[in-house]
Each structure stands twice: as C-alpha cells, then as structure tokens.
Amino acid sequence: MLFSSPIFLFAFLPIVLAVYYGPLRSTRRGQNLFLLIASLFFYGWAEPAFALVMVGSILLNYSLGLWAAWLRRKKKSTVPAVAVAAVCNLSLLFVFKYLTFVLANLRSLGANVPLWDIVLPVGISFFTFQALSYVLDVARGDAPCQKNPLHVGLYIAFFPQLIAGPIVKYRTVAEQIQNRRETWEHFSQGCYRFLIGLGKKVLLSNQLAVIADAAFGTGGPDSVAMAWLGSLCYTLQIFFDFGGYSDMAIGLGKMFGFQFLENFRYPYLAASPSDFWKRWHISLSTWFRDYVYIPLGGNRKGKYRTILNMFLVWLLTGIWHGANWTFILWGLTWFVALACQRLLPDRNVCLPLWLRRVLTLLLVNATWVLFRADSVGDAFSFLGTMFLWNAPPLWSVQAGYYLAQNVVVLAAAALACAPTATWLRGRLAHLSARNALPALLNAWDALCAVATVCILLVSAAYLVKGTYNPFIYFNF
C-alpha cells in the first residue's frame, strides 16, 4: 500500500485515525496494539506472506533484546547477542536481497549454480536496520529492554516509516511508545507536513519521472541537452520522491504523537560532499556513523585507519542500496569524494559559497546517474553523452519538447529545493514586527492554508486518474 494511493488516503488512514482517537482514545495499550495490527495489515496488503517475515523479525529481535539485557544485568559481555543479531538480520537481508545477485555473478564466471528468482519484501533494508538498532541500543545500555513484545513490534513495524524510512533508532522513540502525548497542535502540523510531502511526490516527482525515464530508457539520451535534462530531472525526482515520503512519514508520526527526526535538510544547497551527507538521508548516514564507523574506530586511530573506516562504510552504503554493481560504484565514488575532502580540507576555502554549491551539485548529479542506470556500462555511456565523450549532438527535438512541456514543473521544483517559503514568511514576519505591513503575514498564512488544500485536491485528482509511480526507495 502506498501513501500516495486512494486506498490509503481515503480508506486506510481515515479508519485508523477514527479508531485510534475514537473508541481507543483513553487506552494506550489498546492504541499500541491497534497500530501494530494496522501496520502489519498495511505491510501485507500486496503480499500477505511478507507480513509473516515481519512478524518473524519482530520475535527474533525481541528475544535477542531480552538476551542482551540479561547479559548486561549479569555484567557479562553482550558481544554474543550482538553477533547473533547481526548474523540473523543480515542473513535475512542477504537471502532476499543479494542472493540472486551473487548467484548471477557466479554464473557469469562459469560456476554451475542455480539462479533463483526471489521476490524482495518491500522496505526490507529499512526495517532490518531498525530491528538491529533495537538490539544494539539495548546491548549498549542506550535504551531499556522492552518486556512487552508488542512494543518491539510497534517500533519495527509502525507503518509511517516502515518501508522507506526514515530509519528510526530505538533510543529515539523508546519513551514515546508508551508515554507519547498527542496534541491538536502536533496533529495539525502532521497533516500539513503530510500534504506537503504528498505534493512533492505526486505533483513534482511523478512529473519529473516522465523526463528521467525517457532519458534513461532504451538507447539512452539522444543529445547532450537530453542527457543533462534527464539527469537533472532524476536528481530532482529522487529528492522529491524520497524527501516527500519522509515528509509524509514524519507528518503521520505527528498525527499519532510520535516525533521522528528530520531526514532531509535542503541537500541541494550543500557546499561540499560532507555537507551533502549531513543533509541527505540523515537517518541512514547517522546509522552507519553510530553503528559502524565509530565502533570501527572512527577518526581516532590515525589518518590511514580513518580512510579505511570510511571505505568500509561507503562500500556497505552502496551495497545497502541495492544488488547491482552500479550501487557499489556509487558508494565508492562518494568514498573517493569524501576522502579527498578529508585529505585536502582547505583547498576550496577560497572559493565563493555559490561556486562550492554548484560544484557539489554537479558531483551529486553525476553520482545519481550511476544510481539510476541499469548497468555500469549504461552509466558510463550516459555520462559520456553528458560530457561529450561519445560525440553526441548538442540538441534534439526530444529535449526541446520535454523542456517546453515541463518548464513550470522544473521552475517549481527548483524553488522547492530551497527554503523559499520559509524565507518569504520570515521577511513578512520581520515587516509585521516593525508594524510596516502587518496584514501581509496573515494573508500569507491564509494563502498557505488555501494552497495546502489545493495540493490535496489536485493530488487526489492525479491519483484517481492512476498517474502515480511507486516510491523509488521502496526497492531498498
């Protein structure tokens, strides 16, 4: 089930909210149990068997959490519990996500091995990392062990962030599971945030996807202009797709009293590779930092060990994103960029901020080509067209057509990459405080409310027509 689908918007979500705030309003235990059941139903909507995989993961990690807590009480090492948790969870991830990839590569090397077609459970990388977070936080003593398996189940399976993040660390929401506080302010903020995310997905990402798919389709782009237009549209598409989902997840969490951490902070305004990863998919980068990079020694064991730790983290980051050599190369490209920045930290200080932002965006755009392409060969062919290696024509009718048809969407997407609305409201608030134009701020807030309703209505119209795409990060 997708957030941007009529069944979710007009049936599942209203029913869940009505039951949660209706007959179950005064019983936290009943609310938590109901949310768990609703989440499992949400996850198993398309393929009920996957809900059994989810239940198995919950029971496994609940038991491992009890074991880790028992080891801590006995003042024994928690390494055995952590090791078993890592092996079991990563083995589950390997079988469903990477086994077919490994077998296919062995066959290409001449090995006589069977090739299995294994259906990938949606969002398995996200809920596996969340489950591991629970055991690791309990083993470290960063969060209490849950005696109630339903609480562990709700943490792992809660439907807003279940299948595409953000990856919520257990210690972040451990207290909220039982003691969260719902308010009308949080609920209204959640509704607003959800609708903004819905607009990003339906009105921006889905429209940009048409151009990106045309550029990355069979045969690749037919000109330099189409290559650049396609790559930039995919750069915008993946941001509004994933960022929109994160907005919807955070908004839904607020509706039920949960406060999730931000997952994006205007990443395309980044002025360096490291700045980009402080702004993009923050929950994933902090997960690898807290549970892989720092335990390996971080930057505390000298320059060469730091570089090795960075290499391992970015290799794993690439592998996490998918079973394809393109993702591995994508991760290693970011390793090289970040290692160069660490080894040459002062080289770009003299550059103006706008130029550093442009150079960073060019790097990001090029790496998204690796991320989007079906194969490494396709990626280099696409980049060859972008940078004239293949001697392609500079312009094409296709590029002109897509540019002319989507100029408004492209302009809106460019503005939405920056905090344009926040800046405008800040300026109006400043004027209002000085008693210059106090009515403008009220007019702006009213305009935003009307615009939000329009987003819902227009998005619903698109969805009823069936013009929507699955979220990109559902594949991970």
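The largest nonpolar core has 130 residues, and Phe 8, Phe 159, Phe 256, Trp 280 and Trp 368 touch the most other members. Helix α9 (residues 224-255) gives the most to this core, with 17 residues. A nonpolar core here is a set of buried Ala, Val, Leu, Ile, Met, Phe, Trp, Tyr and Cys residues joined through side-chain atoms within 4.5 Å. Buried means under 20% relative accessible area, exposed over 50%, and partly exposed in between (1.4 Å probe, protein chains only). Helices are DSSP runs (H or I, at least four residues), numbered from the N terminus.

This is a predicted model: local features need pLDDT of at least 70, side-chain atom pairs count only at pLDDT 80 or more, and totals for chains, interfaces and linings use all residues. Residues are numbered from 1 along each chain as its sequence is written, and side-chain values use heavy atoms, with hydrogens and water left out.

Contact means heavy atoms within 4.5 Å. Neighbours within four places in sequence are left aside for Phe 159 and for Tyr 155. Phe 159 then meets Phe 3, Phe 8, Phe 12, Val 16, Ser 39, Phe 42, Tyr 245, Leu 252 and Phe 256. Two of the residues named for the core, Phe 8 and Phe 256, are among these partners.

Tyr 155 lies in helix α6 (residues 149-157). Tyr 155 is buried, at 3% relative accessible area. Its partners include Gln 130, Ser 133, Tyr 134, Tyr 170 and Ile 177. Ile 177 is 22 residues from Tyr 155 along the chain, with their C-alpha atoms 7.5 Å apart.

**Helices α5 and α11**

Helix α5 (residues 124-140) packs with helix α11 (residues 282-293) at an angle of about 35°, axes 12 Å apart. Axes are lines fitted to C-alpha atoms over the stretch in contact, and angles run from 0 to 180 degrees between N-to-C directions. From α5, Phe 129, Leu 132, Ser 133, Leu 136, Asp 137 and Arg 140 take part; from α11, Leu 284, Trp 287, Phe 288, Asp 290 and Tyr 291. Ser 133 of α5 is also a contact of Tyr 155.

**Cysteines**

The structure holds zero disulfides. A disulfide is a pair of cysteine sulfur atoms within 2.5 Å.

Definitions and conventions. Helices (H or I, at least four residues) and strands (E, at least two) are DSSP runs, numbered from the N terminus.
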